[in-house]
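Here is a friendly walk through one protein model, from its charged pairs to its strands. Please keep the viewer open while you read.

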Amino acid sequence: MYVKMMKAVWPTIRNGIIGIVIGLLAVGTMSAYGEKAQDEFVLAYIIIWAIMAIIVMYVVFCMATSAHAVRKYIKENNLDLEEIKEDYKNALSFNDKYVFGKKYAFYSIRTKNYMVKSTDVLWVFRRVHTLDQYVYGVKVDSTDSYSVNVMLSTGKGFMIPASQDEQTNDILKYIKEMYPKIFMEYTVELKNLYVKDLPGFIELAEKRRNGEI
């Protein structure tokens, strides 16, 4: 997980180093155009790099805080870090942001990473959102967006976006292979139970996982 974050931030660091080298060469070149021109260039250069420094600091801050929830979860539940690494290594991954292992599931929301036990994954279903476009009150077009919603025992969940409907089927297929006994279909009854009686949903999911239903 940390390696992937470093890969993401490396282009910014690399470009910064290149920019410093180019800037130093430019300062030397500008000296030929007089002291005033050189001073103006140096001032502009300082401003640009102050902005770059703020951006880099923000990226570093995001990296430092992104895994805070994961570290906290591991500590609070007294989990084996080597076991987690092994499970992560052999897990199914979608876009490097949604990872499903036999024992744990990992996901990202904005810039933060989270993890839960696989038994906390209760319900997964396909979702299609249709956006209608109107001109002067007349419907002229509609656009469908696709996703797979993953609902957790915490009463919250996350969404895996898909580029097309076929991809949602692939995602559901892979998740079912990893977690064969979770609820995979959307029904109004399941929705009402999850929203109105989460403990009851958790109990039902546990019975299904244990083969009692």
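A salt bridge here is a side-chain nitrogen of Lys or Arg within 4 Å of a carboxyl oxygen of Asp or Glu. By that rule, a search of the whole structure finds 5 salt bridges. The model is a predicted one, where local features need pLDDT of at least 70 and side-chain atom pairs count only at pLDDT 80 or more, while totals for chains, interfaces and linings use all residues. Residues are numbered from 1 along each chain as its sequence is written, and side-chain values use heavy atoms, with hydrogens and water left out.

**Salt bridges**

| Pair | N to O distance |
|---|---|
| K103 and E83 | 2.9 Å |
| E86 and K89 | 3.4 Å |
| K207 and E203 | 3.7 Å |

Helices (H or I, at least four residues) and strands (E, at least two) are DSSP runs, numbered from the N terminus. Which parts of the chain does the pair of K103 and E83 link? K103 sits in the loop between β2 and β3, and E83 in helix α4 (residues 81-89), so this pair links distant parts of the chain, 20 residues apart. Helix α4 also holds both E86 and K89, which are 3 residues apart, about one turn of the helix. In helix α7 (residues 198-209), K207 and E203 are 4 residues apart and thus separated by about one helical turn.

How open are these side chains? Buried means under 20% relative accessible area, exposed over 50%, and partly exposed in between (1.4 Å probe, protein chains only). K103 is partly exposed at 42% relative accessibility, and E83 is partly exposed at 28%. E86 counts as partly exposed at 41%, whereas K89 counts as exposed at 59%.

Strands of a sheet pair through backbone hydrogen bonds, either parallel or antiparallel. Two strands count as paired if DSSP finds at least two bridges between them.

F100 has A105 in β3 as its bridge partner.

**The hairpin**

β5 and β6 pair in the antiparallel sense over 14 bridges, and R126 stands opposite V148 in β6. The two strands form a hairpin with 2 residues between them. Y136 lies in the loop between β5 (121-135) and β6 (138-152), and this turn residue has a positive phi of about 55°. Is Y136 buried or exposed? Y136 is exposed, with a relative accessible area of 83%.
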